[in-house]
Amino acid sequence: MAKAEMTSSLLETGAALRFPRISPAGQAGTSFKPEHLAAIIAESGPQGFFEVHAENYMGAGGPPHRALERIRRDYPVSLHGVCMSLGGPQPLDREHLARFKTLVDRYEPALVSEHLAWSTHLDTYLNDLLPLPYTAATLSHVCDHIDEMQTAIGRPILLENPSTYVLFKDSSMSETEFISEISRRTGCGLLLDVNNVFVSATNHGFSALDYLRDFPLSKVGEIHLAGHAEQADDEGDLLLIDSHDGPVADAVWRLYEIVIARRGPAPTLIEWDSQIPDWPVLRAEALAAQAILDRHAGHREASHAHG
Amino acid sequence: MPTADILPLPRADFAGPFSAALLFPDAETPALVTGPRGKRAEKRYDVYRNNVTVSLIAALASIFPAVERITGPDFFRAMARFHIRETPPTSPLLFDYGRNFADFIDRYAYAQDMPWLSDVARIERLWLDSYHAADAPVLAAEALAAVPPDDLPALRFQPHPAARLVSSPHPAITIFAMNRGSGPVGRVENQSEHGLIARIDDEVTVRRLHSGVFAFLRALFDGDPLAAAAATALDADAAFDLPGAIGEMISAGAFSHIRTEADHVEHA
């Protein structure tokens, strides 16, 4: 692929940037942090795929777009939205939806994902992935929102399972039932965050293995792995926090290998969003995931269906 | 405590009660949440409270690093927390947050002995606007050289999308520059300062301008033609050097285009 040449000639004619199609199938990737750009460019050979938070690239111009153009030229990019508020009761923000579509059109990402959560109430943006009750009413809202987003951007999304710290007294469905039904009704794929499963299972006292047994793995188009932190709840029991500030825990690695053994390789992302280490440390985490993916390569390779 | 005469909420309206206590540590944990098997939810709900406030403080700290360095992290955290409660973000784009922070600092009781602090915040907010502004080529000196002399007085200069003017009755630019990095800070002469924030080759720079150059640039940015802007500049500073100022502002990346009255053609 003569991608660099093609890109520069298009730039000279003033045409919109177009990027090569690069598949992340069977690859491990990392969160893209601008401070790693120089180190990433300095290395030759494959570096997996890169995931960015969509909102960080919704400015009109400037250095963020140079960095993402540079990465997108050579690597598959996953566009991960964190504030669409798909899980909230109020209508989606049309402006935000339009910005998201612009970004999808501009960067032609290999993967597009959002969360089963909400972050805006009325006009206030709360900057956290907040939980929702699992009921027939909320199911219907979330499905409408996902339909609206998928129609707006012209492609299916992957919906990520949350990590949660509280339950709702109103909930009448399990999270896996809720998510399975969303995928069935909207046709969306799923982003399975294995750390979130482990965090929620610990916090709410259910079995992570049962959750994974009930989770529709055939719909999974991407997997997230991340580190968590430990606190205590009101009773003094362990409460895990989805902190993304350290290496992936051993228990999460074990769950991940179980998932890959059952599902076959899926693009897998190491999320590391605060106390960000130097590039080699982050890349080493991704290589650990790659080793597991490679061990199961060729085994029930279903990732093309949703990747 | 809920009473019998309060109508039950519609089932889907969980977001109002859930979010009502997020920014207020003394408010009660919403009654609609629980821990598993009847466990308490106070500390569990506090995780969300903490995430919201801490992440928004971090967002302000990343937009206003010089203010944080000047005040120290504890002072900054307390000041930011007040501001977040009073003016939480209304857009999911956090690089747009903090537009009212400088005005808040002006009113903040504990910042009154730093009258220049709000202007440092204003410069930091404009710095980030410049960083994210639309891409556009900067005006080349050659484009100006090609303009016929008769057209020069009526020539208009289009500000570059990333260019911003700053002006302070305090030495806010010098204080900003000293505190943006981790280098040593020194004594600052107490005087007013004017400046230009601009972006060339993806690098945002803040430069101080003499009063004449600043008056000239502000007139051009307001849409005045070259001759009128030069007259304004000479009013502000009798020693104003027109060719020098034009050259300095072009190389600083202040403009994207020039436009003559005659042809309405833009020259980049």
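# A first look at chains A and B

Where the two chains meet, 43 residues of chain A and 44 residues of chain B make the contact. Keep in mind as you explore that this is a predicted model. Chain A has 8 strands that close into a barrel, while chain B has an open sheet of 3 strands. Let's walk through the pieces one topic at a time.

**Where chain A touches chain B**

- Several elements of chain A give two or more residues to the side that touches chain B: the helices α3 (63–74) and α5 (136–153), together with the strands β5 (118–121), β6 (124–130), β8 (167–168) and β12 (238–241).
- Which element gives the largest share of this side of chain A? It is β6(A), with 6 residues.
- Sorted by class, the residues on this side of chain A are 18 nonpolar, 16 polar and 9 charged.
- The two chains also pair strand to strand: β8(A) is joined by 2 bridges to strand β1 (residues 33–34) of chain B, and these strands run antiparallel.
- To find this pairing in the structure, look for A:F168, whose bridge partner in β1(B) is B:V33.

**The barrel of chain A**

- Follow the barrel of chain A in the order β1-β2-β3-β4-β7-β9-β10-β13; its 8 strands pair in parallel.
- On average, neighbouring strands of this sheet are turned by 30 degrees against each other, direction ignored.
- One pair to pick out is strand β4 (residues 111–115) and strand β7 (residues 158–160) of chain A, which are parallel and share 3 bridges.
- Across from A:E114 you will find A:L159, which belongs to β7(A).

**Two crossing helices in chain B**

- Two packed helices are described by the angle between their axes and the distance between the axes.
- For helix α2 (residues 42–63) and helix α4 (residues 73–86) of chain B, the axes come within 9 Å and cross at roughly 110 degrees.
- Because angles of 65 to 115 degrees count as roughly perpendicular, α2(B) is roughly perpendicular to α4(B).
- The crossing of α2(B) past α4(B) is right-handed.
- From α2(B), the contact uses B:T53, B:L56, B:I57, B:L60 and B:A61; from α4(B), B:F76, B:R77, B:A80, B:R81 and B:I84 take part.
- This contact of α2(B) with α4(B) has 7 nonpolar residues, 1 polar residue and 2 charged residues.

**The open sheet of chain B**

- The 3 strands of this sheet in chain B come in the order β3-β4-β5, and their pairing is antiparallel.
- Which strands of chain B form the edges? They are β3 (164–168) and β5 (203–209), each of which pairs on one side only.
- Neighbouring strands here are turned by 25 degrees against each other on average, direction ignored.
- Between β3(B) and strand β4 (residues 193–200) of chain B there are 5 bridges, in the antiparallel sense.
- Within this pairing, B:S168 has B:E193 of β4(B) as its bridge partner.
- Helix α6 (residues 117–132) of chain B packs on the sheet and touches β3, β4 and β5 of chain B. The direction of α6 makes about 175 degrees with that of β3(B).

Note on methods:
Residues are numbered from 1 along each chain as its sequence is written. Chains are lettered from A and ligands numbered from 1 in the order in which they are written. This is a predicted model: local features need pLDDT of at least 70, side-chain atom pairs count only at pLDDT 80 or more; totals for chains, interfaces and linings use all residues. Axes are lines fitted to C-alpha atoms, for helices over the stretch in contact, and angles run from 0 to 180 degrees between N-to-C directions. Helices (H or I, at least four residues) and strands (E, at least two) are DSSP runs, numbered from the N terminus. Angles under 35 degrees count as roughly parallel, over 145 as roughly antiparallel, 65 to 115 as roughly perpendicular and the rest as oblique. A crossing is left-handed if the near helix is turned anticlockwise from the far one by less than a right angle, and right-handed if clockwise. Two residues are in contact if their C-beta atoms, placed from the backbone, lie within 7 Å. Ala, Val, Leu, Ile, Met, Phe, Trp, Tyr, Cys and Pro count as nonpolar, Asp, Glu, Lys and Arg as charged, and the others, Gly among them, as polar. Two strands pair if DSSP finds at least two bridges between them.
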